[in-house]
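This report is meant for a reader who is meeting the structure for the first time. It takes up a surface patch, a pair of helices and a charged pair in turn.

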Amino acid sequence: MGTDYYESLEINRNATDAFIKKAYRRLALKFHPDNRETGSAERFCQLGEAYDVLSDPRKKATYDKFGEEGLKGGIPPEFGSNGAWSSKYAYHGNPDKTFKQFFGGNNPFSDFSTHDAPLQFGGLQQVVVKTQDSHIERDLHLSLDDLFHGCTKKIKISRRVMNEDGCTSSIKDKILTIDVEPGWKEGTRVVFQKEGDQGPNSIPADIVLIVRQKSHPLFVRKQNDLIFKSQISLEMALTGFSVEVETLDGKLLTLPINDIVHPGYKKVVTGEGMPLSQDPSQRGNLIITFDVQFPEKLSAERRQLIKQALTFKY
């Protein structure tokens with residue numbers, strides 16, 4: 001039975017040129033006689049001949065159609081019109097020559113990007129220094145309700161992925177899932193390690209999502225506290241009133257205000273703010289501030305009445 005060059009390189013007959021190169025690169029380094037662990041002179045020679053044939057379009061075409069016998073015995077010239085090798089083929093018998101031609105001289109790693117890293121040839125082990133691409137930052141916009149309750153978000157990214165041949169790449173989509181925990185704050189960073197573009201000589205970048213909080217129509221967040229501003233009239237500020245606040249978890253709070261509301265006055269409701277990210281069972285405070293609306297105009301009569309009402313004897 002003749003030699004099966006495809007079997008020698010551990011590939012199938014539909015392998016592309018890039019895949020043939022990848023297979024030879026891997027196996028030649030593995031079975032090189034100088035490799036103390038897995039070296040084999042006989043296997044190394046088989047690989048050299050297999051690559052010499054399958055990397056040459058004419059030799060490969062002859063071998064695919066006529067087998068080893070037709071390749072080495074020669075075929076009639078009329079059958080060589082489609083690019084086949086019509087002369088008798090004989091391997092030169094020097095697998096080191098094939099090896100050096102493939103790797104470009106005596107350095108078997110010259111076609112790799114090593115960033116000037118030192119090479120160790122004992123056992124043909126290469127010290128390859130792969131650098132990771134710079135991380136990629138993207139904003140993750142979340143509502144205050146998302147950050148209060150926690151939620152799951154999914155985003156689609158498009159990234160370059162290496163194909164099986166190890167040489168070419170294609171663009172593919174991937175879904176990243178983010179489990180948002182209650183209490184996360186603006187600026188929280190979510191890191192997806194090595195989810196950036198893939199390359200043959202680099203480590204994919206980390207993708208970093210940075211939480212950006214959307215504005216809320218009722219509340220302003222300050223750390224773990226929620227600020228609620230209530231507009232009241234001057235009359236309410238002086239005589240008392242009740243304020244109603246619907247919290248983010250759906251409770252309706254009715255809070256009596258019996259104090260005189262002066263500039264800077266605030267009402268603090270303990271435990272009705274944002275959950276604490278380290279312990280969501282604990283919460284910050286709800287702080288109610290007041291915007292006192294003064295009348296734009298007053299009649300002389302009302303001015304007098306207010307003056308009388310605010311005249312105090314000490």
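Leu238, Ile260, Leu298, Ile306 and Leu310 together make a nonpolar surface patch of about 410 Å², in what is a predicted model. One of these residues, Ile260, is found in the loop that runs between strand 11 (252-257) and strand 12 (266-269).

## Packing of helix 3 and helix 4

Two packed helices are described by the angle between their axes and by the distance between those axes. Helix 3, which covers residues 41-54, packs with helix 4, which covers residues 57-73, at an angle of about 130°, and their axes are 10 Å apart. The two helices are therefore oblique to each other.

On the side of helix 3 the contact is made by Glu49, Asp52, Val53 and Leu54, while helix 4 contributes Lys59, Lys60, Tyr63, Leu71 and Lys72. Sorted by class, this contact of helix 3 with helix 4 has 4 nonpolar and 5 charged residues, with no polar ones.

## Salt bridges

Side chains of opposite charge can pair when their charged atoms come close. The structure holds 18 salt bridges, and one of them joins Glu10 with Arg43, whose closest N and O atoms are 3.4 Å apart. Glu10 lies in the loop between helix 1 (5-8) and helix 2 (17-31), whereas Arg43 lies in helix 3, so the pair ties together parts that are 33 residues apart in sequence.

Technical notes:
Residues are numbered from 1 along each chain as its sequence is written. This is a predicted model: local features need pLDDT of at least 70, side-chain atom pairs count only at pLDDT 80 or more; totals for chains, interfaces and linings use all residues. Side-chain values use heavy atoms; hydrogens and water are left out. Axes are lines fitted to C-alpha atoms, for helices over the stretch in contact, and angles run from 0 to 180 degrees between N-to-C directions. Helices (H or I, at least four residues) and strands (E, at least two) are DSSP runs, numbered from the N terminus. Angles under 35 degrees count as roughly parallel, over 145 as roughly antiparallel, 65 to 115 as roughly perpendicular and the rest as oblique. Contact means heavy atoms within 4.5 Å. Ala, Val, Leu, Ile, Met, Phe, Trp, Tyr, Cys and Pro count as nonpolar, Asp, Glu, Lys and Arg as charged, and the others, Gly among them, as polar. Patches are made of residues with over 30% relative accessible area and no salt bridge: like charges are joined within 9 Å, nonpolar side chains (Val, Leu, Ile, Met, Phe, Trp, Tyr) within 5 Å. Accessible areas come from the Shrake-Rupley method with a 1.4 Å probe; for residues, only the protein chains shown count as cover. A salt bridge is a side-chain nitrogen of Lys or Arg within 4 Å of a carboxyl oxygen of Asp or Glu.
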